[in-house]
Each structure stands twice: as structure tokens, then as C-alpha cells.
Amino acid sequence: MEKNYEEKINELLSKMTLEEKVGQLQQCGPSLVGAFEVSFEELLDMMFDGRISKEEFDRLMGTAKQDFHEEELKAGKVGSYNGIGDAETANRLQKIAVEETRLGIPLIFGYDVIHGFRTVTPIPLGESCAWEPQLWEATGRAAAEEATAAGIHMTFAPMVDVAKDARWGRVSEGAGEDVLLNGMYGAAKVRGFQGDDLSKEDAMAACLKHFAAYGAGEAGRDYNRVDLSMQRLYEEYLPSYKMCIDAGARAVMPAFNDINGIPCTVNRWLLTDVLRGQWGFDGMTVSDANAIAECVNHGIAADKKEAAKLALEAGMDMDMTSNTYIAHVEELVKNGVLKEEFLDRAVSDILRVKFELGLFDNPYQTNEEREKTAMLKPQYRELAREAAVKSMVLLKNDKNKEGIALLPLDKGVRLGIFGEAASNRGEMTGAWAIGAKADDCVSIEDACKARGVAYQIGTEAAVEEVAADCDVLLAVIGEKKDESGEAASRADITLPKEQIVLLEKLLETGKPVAAVLFNGRPLAIPYVAEHVPAVLEAWHPGIEAGNAVLDVLFGDVNPSGKLTVTFPAASGQCPMYYAHMNTGRPGGKSKFTSKYLDAPVEPLYPFGYGLSYTEYEYSDLRVQRVEDAYEIRVKVKNTGSMDGEEIVQCYVRDVAAGRVRPVKQLAAFEKTALKSGEEKEVCFYINVDKLGYYNWSMDYVVEAGEFVFYAGGSSKDCLEVRVNHKQKEKEQTDGKSNDS
């Protein structure tokens with residue numbers, strides 16, 4: 001396949017008018033028009049603000065039709081669409097672009113394929129708890145096969161925003177609080193989405209987002225400011241994006257937020273100096289929705305015209321839906337305010353990706369027949385079920401007086417099931433599952449029916465009646481899917497009062513109670529942790545939710561998931577994360593230490609935590625220097641009665657450095673299958689150059705001194721070995737390094 005398209009790009013550029021160039025930068029979505037006087041966006045605001053009722057909104061929407069801006073497309077003023085997810089519409093619009101515009105440049109169709117298209121898999125936060133790059137890549141590949149059949153060329157994923165604050169709604173869309181884990185998750189998704197050849201019909205470009213540090217928004221509020229030291233930015237946030245660029249991601253979406261006062265949308269240092277200069281990225285950038293126009297709200301641009309100039313000069317190629325470029329760039333160039341070279345660079349980036357996608361040779365990459373046969377294949381559903389099972393984390397599993405744990409359940413158990421989510425199929429998909437259909441989903445009740453489980457659906461009013469006829473009571477609790485995701489930050493991440501009341505009533509019956517949590521973020525659940533005998537964190541697990549939950553509850557699968565995000569004991573502890581810095585007075589029992597008076601020092605459940613139906617024992621941790629790396633070996637034994645998989649985690653700490661370092665940082669991990677009674681030795685290699693940090697002058701340094709290596713089943717449950725790191729002569733490199 002031809003890889004270098006620069007000659008063709010330059011040839012096209014030489015033929016394009018100024019208006020046609022600007023058209024390539026325009027990404028629009030279908031607009032809703034109808035019997036209302038305001039825009040759809042304003043209509044939404046009117047409903048949310050209470051100016052019109054939901055009923056009035058629905059009545060007006062009943063008259064709405066979609067406007068695909070065909071006239072602008074024919075005039076060469078559209079280069080891309082988003083939000084179109086069906087082959088018929090995509091091909092109809094592509095035909096206009098290819099056959100009715102002067103130069104016949106094909107369109108790119110983008111879509112939010114975040115965790116599956118039609119076959120919805122667990123939310124990314126959930127799937128990350130599998131700690132399995134091969135699984136992440138496989139689900140990305142399945143998503144690409146379905147989405148491309150529906151005419152989609154680019155997905156606005158993966159999101160690899162390190163998220164340390166559980167109040168932020170979009171924590172659901174990424175791999176949690178650790179930078180290494182986010183990077184490995186994102187790189188696997190890039191490989192899955194793009195396949196081995198981007199020009200193939202079943203490959204779609206990955207659009208990495210949100211660049212950068214979107215997950216560090218102040219107070220966990222969406223779209224909020226980000227104020228970080230450069231050291232923290234380079235160490236804790238940028239590496240996950242860099243790993244995705246190295247994996248070949250062909251598009252990047254800058255974040256809504258500012259970094260240290262400069263919005264990412266117009267941040268030349270970020271989009272040109274770092275992304276293109278230091279990292280060598282030559283794909284395309286696309287703004288988040290309306291983000292260029294919103295630079296006026298930020299206060300960095302006086303008006304949309306200035307915002308357009310700043311964005312293009314910074315390295316922002318494509319404008320998603322704000323119409324800022326299409327309204328102002330041509331005038332800016334004609335008046336000499338904006339150099340045409342910035343416009344040409346942006347157009348070249350977009351054309352390069354269109355060539356790589358094979359759109360010039362094959363603009364119609366799907367059809368309605370392929371679309372019909374591509375969705376919900378049995379192997380996709382099987383993969384979705386596997387991903388859901390591996391995503392679930394067993395948080396608690398107490399034993400009774402006879403020493404027998406509540407889970408797994410006996411096959412002949414009679415279940416009393418409580419909670420609306422147990423029967424609500426549509427709630428299973430979670431946030432950002434816009435291609436999903438509720439009827440595709442399997443609820444817990446559906447799964448019970450299918451496998452012949454004896455059950456009763458109970459209500460709060462019928463607790464005693466149902467309990468009298470059942471062996472185990474199952475409380476299905478958590479949060480609704482629209483309570484996490486974009487624009488769903490929460491100041492209070494505890495359970496609703498009515499759910500606590502329900503749990504109290506269930507526990508009062510004296511029957512064993514197990515809780516299944518459906519949620520898109522870590523929740524503060526101290527009551528559940530203290531009183532409920534068994535707790536399974538299921539997240540929002542996708543279309544195979546019910547089957548996967550029963551697979552775990554009945555022991556068909558031994559749970560192996562581990563948390564990729566810390567569970568605080570109270571909302572006010574946020575942000576709470578494992579890789580924190582110690583103060584001079586670390587939190588402890590003494591009054592004058594860093595802590596809250598009304599909350600515990602430790603989290604409810606730490607990063608890396610997760611139980612199993614068997615037990616694992618760690619021993620014989622050994623560390624030795626091997627060339628330019630440290631070799632860490634540890635033995636792990638399955639000491640229980642059930643086969644299982646253990647996620648072995650390796651952490652490192654720099655004990656005394658020139659800058660305060662985290663108490664522990666994830667360095668490597670490996671999922672290891674162990675039969676009952678089996679012991680294996682797990683080996684990790686940590687390169688010496690990974691032991692460094694950025695000093696006050698932003699030089700990357702690896703210092704001699706004492707390091708601690710840890711290995712174990714969570715960030716809190718580890719063996720440790722101290723080593724005295726002595727640098728070799730060639731390691732004495734402390735020069736400037738901007739490559740994270």
C-alpha cells in the first residue's frame with residue numbers, strides 16, 4: 001500500500017480555491033429543523049432551564065426533520081460529518097461529495113464509538129479493570145468492524161484522560177487514575193480500531209482525546225480549568241497520549257479545558273511544539289464540539305473571528321460544528337490577517353488521513369447489505385460477555401459461621417431480586433453508547449429466565465413477603481447511566497437515600513444479602529462496605545450485562561477484575577488516588593497529620609484491589625540489575641480450591657529524590673492463570689530510564705539512590721524489596737528531555 005501521499009496532497013492543494021480549502025476544515029452534523037423558532041441547542045437549553053416543559057419539547061421535536069446541509073456540501077464547504085451512523089445516508093452524502101463537487105474530494109464520517117457500536121461492551125472504566133490489553137484490542141476491533149459497516153471512518157476514541165477525581169462524570173470513558181494503564185489501554189484501542197491497514201474497509205481512524213489533561217479539571221467539574229506544574233503534566237498526564245501516538249493514532253481531539261490559562265483548542269505549544277514537533281505526529285486534529293467558538297467564552301479571543309485565527313495558527317485542523325472556520329477563515333486569509341500556510345497545513349493533514357483511509361480509491365466502503373449482516377454477530381456478543389465478566393470486581397465476599405462465603409451462589413438458590421436496574425435493559429449500556437438499542441441488551445431478569453433460575457422481583461413494599469420465599473436477596477443498586485458521562489459531574493457520589501433504606505430493610509430480614517453495583521464511576525459506599533456481606537462491582541457492563549452478572553454470581557467464571565480507580569469513603573475525600581505524594585505529616589492517627597477529621601485516612605477500596613473465589617499467596621520477591629533494567633521476580637500461588645486468574649502488579653518508589661516523588665507508581669502488571677494449588681514465578685523488567693522524573697528545570701533525571709520495588713495483588717497489598725540504585729557512566733544523562 002502506498003504510504004507517502006505528499007505529492008498527491010500538494011497537487012490537490014494547487015487546484016483548490018480558498019473557499020474549497022476552508023471547506024475541508026468544516027465538520028458538521030445533521031441539524032434538526034422544524035416548527036420552532038430557535039436552534040435545537042437553544043431548545044435543549046430552554047427545556048433544561050425550565051422555560052418549556054419536557055412535554056412541549058417532545059411535541060416540538062415531533063415536527064423536526066434532519067437537515068444534512070446538502071447545498072453547502074455541493075459547494076465544497078463540507079469536509080466531514082459527525083453523528084451519521086448508517087450506510088445509506090453516508091453513501092448518499094459521499095456520492096454528492098465525489099460526483100457533484102468540483103474536485104470530488106471524499107468525506108470523512110466521524111462518530112462516537114466509545115465502547116462498541118451496536119454490540120456495546122462495558123464502559124471503558126469497567127473494561128480497564130480487566131487489565132488485559134489483548135481484550136481491549138479485541139473489543140476495539142469488533143467495534144470497528146460494526147461501525148465501518150455503518151459508514152463510519154473515524155471514531156472519537158480512545159479517551160485516555162487520567163482521572164483522579166471520582167466526581168468527574170467522564171471518568172467512565174477512560175481507564176482510571178493511572179497514567180501507564182491509560183496509555184496501555186489507549187494504545188490497544190488504537191490498534192483495534194485501526195487494524196493492520198487503515199485503508200481496509202473494516203478499519204477506522206482512532207481520534208485520541210482529550211489532549212490534554214482534561215481529567216484534571218478543578219474540583220472534578222466538567223469543562224473546568226486545569227492548573228498544573230509542567231512537571232506534573234509531563235509525568236502524570238502526557239505519557240498516556242504519547243503512547244497512543246506511538247501506537248499510530250491518526251487523529252487527535254484537543255480538550256475543552258485550558259492548561260495554565262491557555263485553552264487547548266488554541267494552544268500552539270501543545271498542538272504544534274509538543275504534538276507535532278516533539279512527538280512527530282502528522283495526522284489531523286479535530287476540535288471538540290463547538291470548542292473553537294467557546295474560546296470567546298474562555299476570554300482568550302474577543303470574537304469568533306479571532307478564535308478562528310488563534311486556532312488555525314495553533315495547529316487546530318478541523319472545526320467540529322462551531323462554523324467558526326467556515327464563517328471567518330477565508331476573510332482572514334484574504335485580508336492578510338492569517339497566513340495561508342496555516343490553512344494549507346491544516347488541509348494537508350486532513351487530506352493525508354483521507355488518503356490513508358483509502359477514500360480516494362474507494363469512497364463507498366460499505367453498503368446496506370454489509371451493514372445489515374455486520375451487527376450483533378454471535379462472536380461479538382460472546383466477546384462482549386467475556387469483557388463484561390472480566391471487568392467486574394468482587395469487592396466483598398464475607399463467610400458465614402460455617403466459614404462458607406456467600407458467593408458463588410448454589411445453582412438451586414431461590415433469588416429475591418430488588419432494584420429497578422435488574423429489569424431495565426436500556427440502563428445496561430452506560431454513557432456514550434449512542435448506537436445501542438435497549439432490546440439488544442440482556443438484563444439480570446432476562447438472564448434468570450433464560451437459565452432457569454428461581455427468582456422473584458421484589459419491591460421495597462414487599463421485602464418481607466419475598467424474603468420469606470427466597471434463600472438469598474440480591475440488591476441491584478448504583479447510579480443511572482445518565483448520572484455519569486459528559487456533563488454529569490457530581491458533588492455527592494454516595495448512593496441515593498432510598499437505596500440505603502432498601503438495603504436496611506433487606507438486611508433486617510436476616511436472609512443473606514448480595515449487592516450488584518451498576519455505575520459509571522467509583523462511588524462512596526461505606527454503608528454497603530460495612531453491612532452487606534457480598535458486593536460485586538459490575539459497572540455499566542454492556543449488552544450482555546445480565547448473563548455476565550450471573551456468570552460471576554453462580555461461579556461459572558471466577559472473578560478476576562481489579563480496580564483501576566480508588567473508591568473513597570466519602571465524597572469530600574475527592575480527589576483520592578494511590579500515587580499521591582507524602583507530606584511532611586502523612587495522614588495517621590495523630591491529630592496533626594494530613595487528613596480529615598470526619599473521614600478515614602485510607603480509601604474504602606484501593607487502586608488495584610479485587611477479590612476472587614480463590615486465594616493467592618505471594619512469596620520470594622527478588623530484584624536484580626540486568627544491563628539497563630531491573631528484573632523483578634515474584635512467586636504467586638493459588639492456595640484456594642478454584643482455578644483463577646490473578647493480576648500481578650509491580651510498583652516502584654524513589655525513596656529520596658531531588659523532587660518529592662509518589663509513594664508508589666505502577667510500573668508493570670501481568671494477568672496470570674493459576675490452577676488450584678499451582679504456583680508460578682512472574683517476571684517483570686523495568687528499564688532504568690523509567691525510574692526518573694522531571695526536575696525543577698524540566699530536565700529528565702534518573703538519580704542514584706534507594707528505590708523500593710513492590711509486587712502483589714493491589715497497591716496496598718504488596719511484598720517489597722529495597723535496592724540501592726547505582727548509575728553506570730552512560731546513565732549520567734540529565735540533559736533536557738521533552739519526550740514523555
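This is a predicted model: local features need pLDDT of at least 70, side-chain atom pairs count only at pLDDT 80 or more; totals for chains, interfaces and linings use all residues.
Me: What is the strand order in the open sheet of six strands?
Reply: The order is β13-β18-β17-β16-β14-β15, and the pairing is mixed.

Me: Which strands stand at the edges?
Reply: Those are β13 (393–397) and β15 (454–458). Each has a single partner strand, so one side of each is left without a neighbour in the sheet.

Me: And what does the twist average from one strand to the next?
Reply: The average is 20°.

Me: How do strands in a sheet pair, in general?
Reply: They pair through backbone hydrogen bonds, either parallel or antiparallel.

Me: Which strands does helix α18 lie across?
Reply: Helix α18 (residues 444–451) lies across β14, β15, β16 and β17 (513–518). Its direction is at about 155° to β15.

Me: Switching to rings. How many aromatic pairs does the structure hold?
Reply: There are 21 aromatic pairs. One of them is Y111 with F117, edge-to-face, at 5.6 Å centre to centre and with 70° between the planes.

Me: Is Y111 buried or exposed?
Reply: Y111 is buried, because its relative accessibility is 10% and the cut-off for buried is under 20%. F117 also counts as buried, at 6%.

Me: What about Y234 and W269, what kind of pair do they form?
Reply: An edge-to-face one, with 6.2 Å centre to centre and 70° between the planes. The pair links distant parts of the chain, 35 residues apart: Y234 is in helix α10 (residues 230–246) and W269 is in helix α11 (residues 268–278).

Me: Why does Y234 count as buried?
Reply: Because its relative accessibility is 2%. W269 is partly exposed, with a relative accessible area of 25%.

Me: Which residues do ring pairs link into a cluster?
Reply: W131, Y578, F607, Y651 and F669.

Me: Last one. Which residue lies over the face of F68?
Reply: R92 does, at 5.3 Å from the ring centre. R625 likewise lies over the face of Y630, at 5.5 Å from the ring centre.

Conventions
Residues are numbered from 1 along each chain as its sequence is written. Side-chain values use heavy atoms; hydrogens and water are left out. Two strands pair if DSSP finds at least two bridges between them. Helices (H or I, at least four residues) and strands (E, at least two) are DSSP runs, numbered from the N terminus. Axes are lines fitted to C-alpha atoms, for helices over the stretch in contact, and angles run from 0 to 180 degrees between N-to-C directions. Contact means heavy atoms within 4.5 Å. Rings of Phe, Tyr and Trp (its six-membered ring) pair if their centres lie within 6.5 Å; planes under 30 degrees apart count as stacked, over 60 as edge-to-face and the rest as tilted. Buried means under 20% relative accessible area, exposed over 50%, partly exposed in between (1.4 Å probe, protein chains only). A charge sits over a ring if NZ of Lys or CZ of Arg is within 6 Å of the ring centre and within 35 degrees of the ring normal.
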